Amino acid sequence: MKRIKIAKYTKEKHKKAWDAYHAEQAKIRYKTGENMRYLLYELWKCQPVMFLILALELAAATANGPLSTYISKYVVELTLGSDDRVRLGLICLLLIIGERLTKYIWNECGNCRNFSKNYQFIAYMKRKIIRKNMSTDYENNERCAQGDALKKAATGADYITVQTVDTILFFLLAVTQVIAYSSILSMLNPVMILIVGAPAVASYYIERHKMMWIWNMADNWQQYERELDYVRYAGGSFQTAKDVRIYGMDKWFYKIFNRSFANRQDWNTQQDEWSLRHDLVRVLMVHISNFAAYAYVIYLVTKGNIGAGDFVLYFGSIYQLSFAVRNVFDRYSGFNWLSNNLSYAREYLDTPDRTNRDEGEALPEDGCEIEFRNVSYTYSGASEPTIRNISFTLHKGEKLAMVGLNGAGKTTLIKLMCGLYNPTEGEILLNGKPVNAYNREAYFTLFSTVFQDIAVLPVTIAENIAGVRKEEVDIERVYACLKQAGLYEDVMRLPEREQTRLVKSVFENATEFSGGQMQKLALARALYQDGTVLLLDEPTAALDPIAEREMYYSYADFSKGKSCVFISHRLASTRFCDRIILIENGIITETGSHKTLMQQGGAYAKLFTLQSSYYNDQEVVQDEKSI
């Protein structure tokens, strides 16, 4: 496959990249210092004991380096012979004890953070992002940009958080080491600090230049990450396993994965090449400065200006100071990169929601009347609205049917009604008040809903229906809902009955329901919710005609006293409703009872007559009499 080639990094491209970098930085809402404070505050909320561990680790690591350096000095002086060997031996012993003790504390604190505390902090931040993902406005999650934001936020929660804590720790450690080793070398010659430390400043700017390019290139490979994530999910999902095998899609997935992986790897390779060039310059510059400092110390010892012990002390301090200064600037430059990634997590967590999350109005207790006033809705990225200027009212206790061809906008209307979407234009009222006047989570409780796409969790059937923990499930109520939904006998035939788990890809002893059983399960879940408004979006699409007819007959029973909206392509199923709305191309074209619409002889009557022709006349007559 042809490699994705990046144009040569010319002056024009350099300026353009810098402009893009500054523009990107200007869009970031949180600055580096603010992000560091935020992270430490979240760490404190998660586990305050971590601060004690970090303080001990910093103190031990700071002391360990100079102790090791001075051990070398006094051991050399002791072995060379001295008039005060007892004193030197005692100093060596105390230094060794201190070095071993600080090393032990340093290692144990690090192990504690790595094996336990870091994992807890990662899980803490991940839970915040998961909660946001599950609670943010539903339409936020339908945007590709939001998907990219979630990916970046998850990366921040996965390792950036801990890496930032490490960076803060090692930055402070490097600062204390610079102070310690600068003090040592200043006793020899203060110029030594400049010889060793100056290249670190240039090293910082080289590293900054490298990271700026990497940062600007990040948007180019996000698409490939999304593609790889999709292939990993779809290729290994139990839901897609049948299609993958029957239609030979494994070869297609393999080809797509290889293509996306190769494209992603191209960016990795070119990033590595870019980094290597910069790192080589940094390494050469630092080593040349160190060699100059070493040469000066060697010159002094050959002239007899310093002794062997001091030579070892200064020689070791040169490397340690050089390493510490580079570490200070490396960590400092890393703060910006880490801060930007942490900003992704914070910006995702602060994704604005249009819905009301405050206390809101009290929910109605005497039934619900929902009014659409000139409502239009346009999906993100779409050029045309899916529904346009729709007005109607779902009255208290009314059974309303929405019918129409695929893509007419019926499901969009349901999602607008139950609060998943907010109108692009117009407003929706609940008992005369705008729905945003109500707390959104409380508003959701008004609805018992069955959507076309049914999701189940890898828990028991009873928990899937009740939506609460096992110990909180009302089993008798679960049984009643299973019976009303027509699933009771199927569940009772299972070895563990309602305690049977679902999703075989998670549990080996789980069961997998058929499409019709899944719809009945979703209906049982809606009945358990016992909302004031019942919304059924194609609830019988996967049922056979007999089961479908039985479901329609029982529908009138379990919908008594509720406002109901029923969506179906099968027009025969809507005749028991009080009112029928026909939707075509996002607008309401006909409304009325089944009898009225048939008498009008419009589009509804034509569709009904066309569908009826596929059933024999006797079945149609029986259905009419039953209803």
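**Exercise 1.** Determine the handedness and the relative direction of the crossing of α3 and α9.

Solution. Step 1: the crossing of α3 and α9 is right-handed; a crossing is right-handed if the near helix is turned clockwise from the far one by less than a right angle, and left-handed if anticlockwise. Helices are DSSP runs (H or I, at least four residues) and strands are E runs of at least two, numbered from the N terminus. The model is predicted: local features need pLDDT of at least 70 and side-chain atom pairs pLDDT 80 or more, whereas totals for chains, interfaces and linings use all residues. Residues are numbered from 1 along each chain as its sequence is written, and side-chain values use heavy atoms, with hydrogens and water left out.

Step 1: helix α3 (residues 49-79) packs on α9 at an angle of about 160 degrees, with the axes 7 Å apart. Axes are lines fitted to C-alpha atoms, for helices over the stretch in contact, and angles run from 0 to 180 degrees between N-to-C directions. Therefore α3 is roughly antiparallel to α9 (under 35 degrees counts as roughly parallel, over 145 as roughly antiparallel, 65 to 115 as roughly perpendicular, the rest as oblique).

Step 2: the contact (heavy atoms within 4.5 Å) includes Tyr70, Lys73 and Val76 of α3 and Asp310, Val312 and Leu313 of α9. By class, this contact of α3 with α9 holds five nonpolar, five polar and three charged residues. Here Ala, Val, Leu, Ile, Met, Phe, Trp, Tyr, Cys and Pro count as nonpolar, Asp, Glu, Lys and Arg as charged, and the others, Gly among them, as polar.

**Exercise 2.** Classify the packing of helix α2 (residues 32-46) and helix α9 (residues 308-349).

Solution. Step 1: the axes of α2 and α9 come within 9 Å and cross at roughly 65 degrees. Therefore α2 is roughly perpendicular to α9.

Step 1: the crossing of α2 and α9 is left-handed. Among the contact residues are Met36 and Tyr38 of α2 and Phe335 and Arg346 of α9. The classes in the contact of α2 with α9 are six nonpolar, five polar and two charged residues.

**Exercise 3.** Classify the packing of helix α13 (residues 475-485) and α15.

Solution. Step 1: α13 and α15 pack at about 130 degrees, with axes 8 Å apart. Therefore α13 is oblique to α15.

Step 1: the crossing of α13 and α15 is right-handed. The contact includes Val478 and Leu482 of α13 and Leu523 and Leu527 of α15. By class, the contact of α13 with α15 has eight nonpolar, two polar and two charged residues.

**Exercise 4.** Which element supplies the largest share of the lining of the largest pocket?

Solution. Step 1: α4 (85-135), α11 (440-444), β6 (447-450), α12 (461-466) and α15 (515-529) each supply at least two lining residues of the largest pocket.

Step 1: the largest share of this lining, five residues, comes from α15.
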